[in-house]
Amino acid sequence: MPNRPTRRLRRILPALTLACLTAPGLTLAAHAAPPAYAHQARAEASFPTWGTRWIVHATSDISSPSVGMINRNAAGEDRVTADYQVDTGRRVCEGSACSTFMAHITSPVTGFLTVVAVDIPEDRLPGVPVQGDPGGGTPSGTRQRTLERAATWLTANGGRPVPYSQNAHWSDGYRQDCSGYVSMALGLRTPGETTVGLAGNRGITRPIGMGELQPGDLVIDAIGNSNTRHAVIFERWNDAAHTSYLAYEQRSGPGTSHRTLTYGLNAGSEYKAYRPVQYGD
């Protein structure tokens, strides 16, 4: 596979592995000069990619399952948007480019992508917080694991979302409704807690104010019957005014979803915020 242009400044280091990065027999094409970074609010940024068939992983472990692919058909056909990155301590190289960082990307696929796939001269993403940095606003390890598990159901059904069902159980043993999905993301016992249990069991959650929501917290409507009760996993606010937020959700019709919501933000809403006690705060 050809090296990147020599103007790139990454240190040339022995490759650890290229497993899961490119399909056998495919060649990574040389890439054009990278366009300017399109920085967004909350330290998110959009970046160009290079090469073909880069695997997006379920977690920051390069050996974790695939949740999608970048540049499936052509080199550089996808841009990625990242909101934080993780220094794994495990170096991955391609040609003269090496990095120990995995970027958490939110589009066009949600998951973790090696920074080697991003068309930049650095070994880490500029302007994107590193997990664990003071004031970085990124999830703690436990919160991160909740979000990582939540993301796996987006593509677990042969690349498609897990379908919704109040009776069926997915291959991991969890019920395919909203509370079963939340239980899976939190790592609770199979087949999963009920929505009422998620909200009312103080061994699982405690109530918090909607304005206190942090990544991995829950927004739950525990009132009514099985057709009206609902639970979602909060990821982040979309703006400083807290007018909407991004969340993971298991819902009738589309199944597993990752979308903008406003549950609980209107006066009198039955949706309330809860914090899993496993986070320790």
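**Close-up views of a predicted model**

**View 1. A disulfide joins Cys93 to Cys98.** The two sulfur atoms lie 2.0 Å apart. The model shown here is predicted. A search of the whole structure turns up one disulfide. Both partners, Cys93 and Cys98, are buried. The torsion about their S-S bond is about 115 degrees, so this disulfide is right-handed.

**View 2. Six strands form an open sheet.** Their order is S8-S13-S9-S10-S11-S12, and the pairing is antiparallel. Strand S8 (205-208) and strand S12 (255-261) are the edges, each pairing on one side only. From one strand to the next, the twist averages 35 degrees.

**View 3. Strands S11 and S12 run antiparallel.** Seven bridges join S11 (residues 245-251) to S12. Look for Glu249: opposite it, in S12, stands Ser257.

View 4. Cys178 has a relative accessibility of 5%. Buried means under 20%, so Cys178 counts as buried.

**View 5. Ala273 sits in strand S13.** This strand covers residues 272-276. Ala273 is buried, with a relative accessible area of 2%. Which residues is Ala273 in contact with, leaving aside neighbours within four places in sequence? They are Arg206, Pro207, Ile208, Gly209, Met210, Leu213 and Leu218. Take Pro207: in sequence, Pro207 and Ala273 are 66 residues apart. In space, their C-alpha atoms are 6.0 Å apart.

Methods
Residues numbered from 1 in each chain as written. Predicted model: local features only at pLDDT ≥ 70, side-chain atom pairs only at ≥ 80, totals over all residues. Heavy atoms only, no water. Disulfide = S-S within 2.5 Å. Buried < 20%, exposed > 50% of the residue type's maximum accessible area, 1.4 Å probe, protein only. Helix = DSSP H or I, 4+ residues; strand = E, 2+ residues; numbered from the N terminus. Contact = heavy atoms within 4.5 Å. Pairing = 2+ DSSP bridges. Axes fitted to C-alpha atoms, helices over the stretch in contact; angles between N-to-C directions.
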